[in-house]
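Biologist: I would like to go through the labels on this model one by one. For each, please give the value and the rule behind it.

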Amino acid sequence: GNTSYDVWGALVVAPVYALTGLAVVRRVFSGSQQPLAIMLSWGLLVKLAGTFARYWVGFEAYGGGIDASRYHRYAAEAAGKVWSGEENVFTILPRSTGTAFIEHLTAFIYTLTGSSQLAGFITFSFLAYLGTLLIVKAAVIAVPDLAARRYAWLCVLSPSIVYWPSSIGKEATIFLGLGVATYGIATMFAHGRWIRPILLIAAGLGFTSLIR
């Protein structure tokens with residue numbers, strides 16, 4: 001009663017993404033790569049901190065004058081119509097390209113999380129984090145002599161990666177698409193496989209092309 005759903009929504013989704021992220025990290029980086037899982041798990045916490053910083057700068061320092069505000073307004077209205085029964089869920093499924101695609105994707109996410117702008121930031125940030133995991137995994141596969149620990153730290157601590165793709169918008173989703181495509185390319189050249197890597201490359205680049 002004393003706190004807006006913008007905050008409560010974030011408190012609901014953050015633990016879910018944290019547990020999911022830790023499970024994914026342990027699954028992707030197992031066996032001899034397990035040491036990387038530790039630093040990438042810390043990277044999830046750093047990414048969350050970057051998300052809160054991005055949110056504060058966008059809506060406190062700049063008063064909401066960013067693209068995320070536009071996506072949020074559209075998504076909140078569209079998701080509200082679905083929950084009220086005015087529209088069905090098929091009307092907000094991601095379609096079209098560019099800005100329209102992000103608007104519909106955000107609306108679809110809001111039907112699951114509720115219209116919490118901060119929860120939306122955390123959701124998109126988590127998508128970018130998954131892209132980071134796949135990029136690190138691709139590097140480990142493609143470059144056997146890579147200083148993997150140093151590279152992983154670089155990816156999870158680099159300010160450009162921690163801060164910018166941590167809001168509702170195109171940056172986070174593009175990061176996910178590039179991560180999927182990069183992982184597909186690394187698998188194809190390192191292991192000589194074709195079918196699954198090509199599907200991953202097509203999915204990653206296809207998804208990215210819908211955004212920009």
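Biologist: Why is tryptophan 164 called partly exposed?

Modeller: Its relative accessibility is 46%. Buried means under 20% relative accessible area, exposed over 50%, and partly exposed in between, with a 1.4 Å probe and protein chains only. So tryptophan 164 counts as partly exposed at 46%.

Biologist: What are the ground rules here?

Modeller: This is a predicted model, where local features need pLDDT of at least 70 and side-chain atom pairs count only at pLDDT 80 or more, while totals for chains, interfaces and linings use all residues. Residues are numbered from 1 along each chain as its sequence is written, and side-chain values use heavy atoms, with hydrogens and water left out.

Biologist: What makes arginine 70 and glutamate 103 a salt bridge?

Modeller: Their closest N and O atoms are 3.2 Å apart. The rule asks for a side-chain nitrogen of Lys or Arg within 4 Å of a carboxyl oxygen of Asp or Glu. The pair therefore qualifies, at 3.2 Å. It links distant parts of the chain: arginine 70 sits in helix α3 (residues 67–84) and glutamate 103 in helix α4 (residues 98–113), 33 residues apart. Helices here are DSSP runs of H or I with at least four residues, numbered from the N terminus.

Biologist: Are arginine 70 and glutamate 103 buried or exposed?

Modeller: Arginine 70 has 46% relative accessibility, so it is partly exposed. Glutamate 103 has 11%, so it is buried.

Biologist: How many salt bridges does the whole structure hold?

Modeller: The search finds 2. Glutamate 77 also bridges to lysine 81, with the closest N and O atoms 3.7 Å apart. Both lie in helix α3, 4 residues apart, about one turn of the helix. Lysine 81 is partly exposed, at 29% relative accessible area.

Biologist: How many aromatic pairs are there?

Modeller: The count is 7. Rings of Phe, Tyr and Trp (its six-membered ring) pair if their centres lie within 6.5 Å; planes under 30 degrees apart are stacked, over 60 edge-to-face, the rest tilted.

Biologist: What lines the largest pocket?

Modeller: The lining includes Ala14, Tyr17, Leu44, Lys47 and Phe126. A pocket is an open set of points on a 1 Å grid over the protein atoms alone, where a 1.4 Å probe fits, with protein on both sides within 12 Å along at least five of seven lines; lining residues have an atom within 4 Å of a point. The largest share of the lining, 5 residues, comes from α2. Tyr17 and Phe126 also belong to a cluster of ring pairs with Tyr129.

Definitions and conventions:
Helix = DSSP H or I, 4+ residues; strand = E, 2+ residues; numbered from the N terminus.
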